[in-house]
Every structure is written in structure tokens, then in C-alpha cells.
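Hi,

Here is the structure I promised to pass on.

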Amino acid sequence: MNRPSDRAAFTPCVLIPVYNHEHAIVATCEGLADLQLPIVLIDDGSNAACAAVLDHLAQASDVHLLRLPHNRGKGYAVRHGLAHAQGLGFTHALQVDADGQHDHASLPPFIEAARQAPERLLIGYPRFDHSVPLHRFISRYITHVWVWFNTLSTTLRDTMCGVRLYPLVPLNAMLSRRGCGNRMEFDTEVLVRWFWAGHPVDNLPVRVTYPTDGVSHFRLFRDNVLMARMHLRLTLGMLIRLPMLLLRRCRYRREAQHKSSS
């Protein structure tokens, strides 16, 4: 159980990496207003049009803008944004995508769950509507299966959804030792390494609509190669950690059996 002082120290923000989403980012920020949380925007080397929109948004007192001079990828932007958010005094960061695909009504449960258990990393798993391309829906399961193999667990229900709530101090400490990938592979790798480190997680549903501005920064060849290299790294890492993962799996199974029999 969390001590009252722990809950009183809970100071979350919303973290949004942005790269050339000038047509969606305003509506995304407006949709987050009901959360009544400060917003940290990370400009990942956007074009002039998007940069101007972000400058306008940053005039609000509750919006902070971190501008990176060159586009280095989502993982690089998020990693620097997380460190920046901690430097601003926030304890937790709710990451959402800039393109407006995440239903804002799905987000308040993340804040309440983190308030009650601030040590947990909360992971969104998508509830897609009819707009999801079939090939993307199917291809996600390739990564899911690899992640379940790399962790010997199905605890990480979906590692590709852009909604997650990070506890900043332990996460940034982990990232200072192991940076994870700079692009799309970051979202998956950071969760696997968090799980390997023995940190707690929970999974919460998020309604997803494919993006409002039609902009995708996924590059088929480049990002598939990066994902394949990431899965190779994680598989090698899993083999090194295999005894620990097997012991943890056995412990979880015994605990589940004890709960079911009590």
C-alpha cells in the first residue's frame, strides 16, 4: 500500500513526441484538456510549419516545449523528453502520440491507476475500430509473439501502443544504463527491459483510431530492419537472463496457484 506522502508527491504530465504533425497536434492537445495536466511537447526536428504550430502552443502556461535540432527518431525524442520532464519536476509522464489516434476518454484511468500505484509502469493495449489497416493489425502479432518469447511471459500485452504512463525516476535511471533504440523500436525495447529488471507493470485498454492527419513515419524497410535487430538483441538478452526468467515464471505460477486455492 502506498503511503499518503507518496500519493501527495504524484506530479504527472503528458508527454507528446512530435514530428511534422502540424495538422493534428492542436486538436490532440485540446482533447487532453479534461486531464488538466501540463503538456511536454518534444519537437523532433519538425519542419517550419509544424515548428510554428508548436511555438504557438508553447505560449500557454501549462505547455512546455523541448526542441531537438534534428530528427533522430521517436525513441530519441521520448528518451530526451522523459529526462526533460523529470528535470521540470514531474514524477510521471503519460506518453501519447501526436496524431490524435488515441481516444482521450481512455486516458483518465491511467492517471488514477498511477496515483494509486506510482511505482508501476502502465501500458496501453489497443481496442481498434474499423479504421485499422488489416496488415498492421496482423503484423503487430509478430512483435507480440517475440516479446512473449523474450520475457517468457504474456504480462506485456502490447508493446507497440503509443500510450503508456512512465514513473520517471526509475525509468530514467534504467535508460541511463541502457538507452534502447532511437526510433520505433524504442517503444517495445524499453518495456521488455523494464520487465527484465523486475519492475511492476499493468495493462489498460485504449481505444485507437488510425491517424486523423494520415501521416505515418513508419518506414517499411528501415524500421523493419531496426525491429529485426532489436528482436535479435532481446533474444540474446533473454538467453543470458534465462535462469532468472524461469525462476520468476515458476514463482508467479506458485503464487497464482496459492491465490486460487485460498
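Predicted model: local features only at pLDDT ≥ 70, side-chain atom pairs only at ≥ 80, totals over all residues.

**What I found**

Asp-187 and Arg-164 are both buried, where buried means under 20% relative accessible area, exposed means over 50% and partly exposed lies in between (1.4 Å probe, protein chains only). Salt bridges with shared partners tie these two together with Lys-74 and Asp-97 in one network. A salt bridge here is a side-chain nitrogen of Lys or Arg within 4 Å of a carboxyl oxygen of Asp or Glu.

Residues are numbered from 1 along each chain as its sequence is written, and side-chain values use heavy atoms, with hydrogens and water left out.

**Salt bridges**

There are ten salt bridges in the structure. For Asp-187 and Arg-164, the N to O distance is 3.6 Å. That pair links distant parts of the chain, with Asp-187 in helix 8 (residues 186-196) and Arg-164 in strand 6 (residues 164-167), 23 residues apart. Helices (H or I, at least four residues) and strands (E, at least two) are DSSP runs, numbered from the N terminus.

Asp-43 and Arg-67 make another salt bridge, at 2.7 Å from N to O. Here strand 2 (residues 39-44) supplies Asp-43 and strand 3 (residues 63-68) supplies Arg-67, 24 residues apart. Asp-43 is buried at 1% relative accessible area, whereas Arg-67 is partly exposed at 37%.

Then there is Asp-103 with Arg-207, whose closest N and O atoms are 3.2 Å apart. Asp-103 sits in the loop between strand 4 (92-95) and helix 5 (108-116), and Arg-207 is in strand 7 (residues 201-208), 104 residues apart. Asp-103 counts as partly exposed, at 22% relative accessibility.

Among the buried residues of helix 4 are Lys-74, Tyr-76, Val-78 and Leu-82. Just after helix 4, Gly-89 has a positive phi of about 100°.

Asn-150 belongs to helix 6 (residues 134-151), and its side chain makes a polar contact of 3.2 Å with that of Thr-235. A polar contact is a pair of N or O atoms within 3.5 Å; within protein, one must be able to donate a hydrogen and the other to accept it, and residues adjacent in sequence count only if both atoms are side-chain atoms.

Cheers
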